[in-house]
Amino acid sequence: MKPNFSYRSDIDGIRAIAVILVILYHANFRLLSGGFIGVDVFFVLSGFLITLTIDKEMITNSFSLKQFYLRRIRRIIPVLFFVMLIVTIPACFFLFSNHLETYSRTLIQTLLCTNNFYLWINNGDYFAENSDLILFLHTWSLSVEEQFYFLWPFLLFLMHKKFSFQKRLILISFLVLLGILLSVYFTNTNQTLAYFLLPARIFELLIGGCLAMFWEKLPSLSKTKNSILSIIGLSLIIIPAVLLNKSSLFPGLNALWPCLGTALLIYTGKDYKNKGLVNLLLQNKVLVFLGLLSYSLYLWHWPVFVFVKYFGISLDGGVRIGSLIFILLLSYFSWYFIEQPFRTKYKYDFKKTVLVVLAPCFIVITLIYAIIDTYDGFPNRFPELTEFIPDTNHPNKIRKQCFDKFKIGNCEECFLGIKKDTLDGVLLGDSFANHTAAFLNVLAKDAGLYIHDSAAGGYPLMNSLNNDNSPKFPRKYALDRLEYAEKFKNIFIAASWESLSEDNNKATYLNTIKTLERLVKTGKKIIIFEALRTTTEINLHRAKLVKAKIPVYFSQREFSFIQYKRPKNYIINEIKRKFPSIIIINLNDVMCKDGKCEIDINNTIVYRNPDHLNTSGAKFIGEKYIKIKGNPLKNLKP
């Protein structure tokens, strides 16, 4: 291997293309509906450049793990911490408590290099509507990259120690192929996992690594051949950026093409005298400048766009251009005053870097997270939104001694209605049962009933008991809870019924129907609560903005939404057909009229989030239900 890999301005040009694609995609430029593939370009570049350095150092026995991680800290942490601090200031003033809590958690998860796991578990879908309000959504890619670099140096070291050069090349080629197969598999079986987690992305970094390890063995090509290949490489990046969209299967094979395109562009610039046509164009000073700013541009662009959207401002026209200019200015500032000094001037040794740079960053971010999380995002900043104060109005907080405790028969702690000597029935269910408790409490008091409730997230009735009886949740709780409920005449059930179908959660669907059939046959009176239709994150967010009297940039002042139809295989329809004796209490009957559903009663927003109620909302719906429909529980017998 040659002693040095000289600086290549065209690689900064490739960085510029990658960050431009990502930013324009997030800026809602319709032409680049697949611009998210810019992240994949970054992965390949990173895998190539870092592997090239590590591989060279290992060949010359000069590799140091400390020095490697020292370079990563200098490269990643200072400007990331700076962006976090600056963004935290407006976040604390303007974000609603739930968003501020999420923000604080993504801060600490980003520093821990686990934000991709956090977003996968708690948010689910990168392309979902609610993702538009997460300020550090984009740092999932940093987590993926750093997780790779926790593993890759050790694997490279092992390969250098145990294998010859030829065997190393065979092994890295095999790993790339295996990574592609893994990505295709996960993309087709669990696309959310595939998008956020390393196993489905590792092939992208490995393609860059593979190119680096083959680098000295790759033949030099003529200028004509390089030009043709460079055009093909750029096409493999641009075409997916135009043709793909958020509905496309991704990553998988759709991510392979821009990765191959990036590898081609790196390769066609190998020979300085015979660089490809596209490589020469990528040496343009504007592109090189943007490439130098690419990391700062990537960090700044998403928070700026989120704040714009947060206040209901449309990201188009002059607003979009102004936002892009603002992002460029912020990025230049952080690159010039933060990135560059820490990479060239403040070159401390490892120990001093940890003490002076890394440790203070962790301490400050941990304190920010701890304070915000401890105080639930400071909901009192918005006194008009008392219904969104967790400690006084969120069912999971108010009924924390009952929800997710997996307790049964603790009637002293968990009862609804009027306390008597004997129970009149039991409420079973998941988080929807927990938020329905306040609604049922109103009806139970009016009917003079004494009801015990036992609810846990993900347990509608018989949760996820597969055909082989292998539960996804602890089976004992589900079975014991049902056995306890069967001691009483009346069994109340509330759940996220829309999530149950023969296509989705089939095992739970079938077990629920089977269990209901048995309960009806044994003479139990079943009362099922049908939840309100789900509103949208943006609709609820806008309603909160208006009620909080925050200046907004949209004309909407009425936030009812279309009463969408339930799925064809909606389980409640099947229950009505098969079990006419079951009482269905539909909360939509008093909240929806003429095809539209309201989100508030008595100037109180009833939703805690798009599909769950807050406690005051559930109570008001209960009172409205009795007034309009009467109380169906008055005819129940203990």
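Here is a short chat about aromatic rings in this predicted model.

Biologist: How many aromatic pairs does a search of the whole structure find?

Modeller: Rings of Phe, Tyr and Trp pair if their centres lie within 6.5 Å. Searching the whole structure on that basis, the count of aromatic pairs comes to 43.

Biologist: Take Phe48 and Trp215: is that pair stacked or edge-to-face?

Modeller: The ring centres of Phe48 and Trp215 are 5.0 Å apart, and the planes sit at 65°. Planes over 60 degrees apart count as edge-to-face. So Phe48 and Trp215 are edge-to-face.

Biologist: How many residues apart are Phe48 and Trp215?

Modeller: Phe48 belongs to helix H2 (residues 38–59). Trp215 is in the loop between helix H9 (202–214) and helix H10 (223–243). Both residues are buried. Their pair links distant parts of the chain, with a separation of 167 residues.

Biologist: What about Tyr346 and Tyr348, is that pair stacked or tilted?

Modeller: Here the ring centres are 6.3 Å apart and the planes are at 35°. Planes under 30 degrees apart count as stacked and those over 60 as edge-to-face, with the rest tilted. So Tyr346 and Tyr348 are tilted.

Biologist: Is Tyr346 buried or partly exposed?

Modeller: Buried means under 20% relative accessible area. Tyr346 has 31%, so Tyr346 is partly exposed.

Biologist: Which residue lies over the face of Phe29?

Modeller: A charge sits over a ring if, among other things, NZ of Lys or CZ of Arg is within 6 Å of the ring centre. Over Phe29 the distance to the ring centre is 4.0 Å, and the residue is Arg320.

Technical notes:
Residues are numbered from 1 along each chain as its sequence is written. This is a predicted model: local features need pLDDT of at least 70, side-chain atom pairs count only at pLDDT 80 or more; totals for chains, interfaces and linings use all residues. Side-chain values use heavy atoms; hydrogens and water are left out. Rings of Phe, Tyr and Trp (its six-membered ring) pair if their centres lie within 6.5 Å; planes under 30 degrees apart count as stacked, over 60 as edge-to-face and the rest as tilted. Helices (H or I, at least four residues) and strands (E, at least two) are DSSP runs, numbered from the N terminus. Buried means under 20% relative accessible area, exposed over 50%, partly exposed in between (1.4 Å probe, protein chains only). A charge sits over a ring if NZ of Lys or CZ of Arg is within 6 Å of the ring centre and within 35 degrees of the ring normal.
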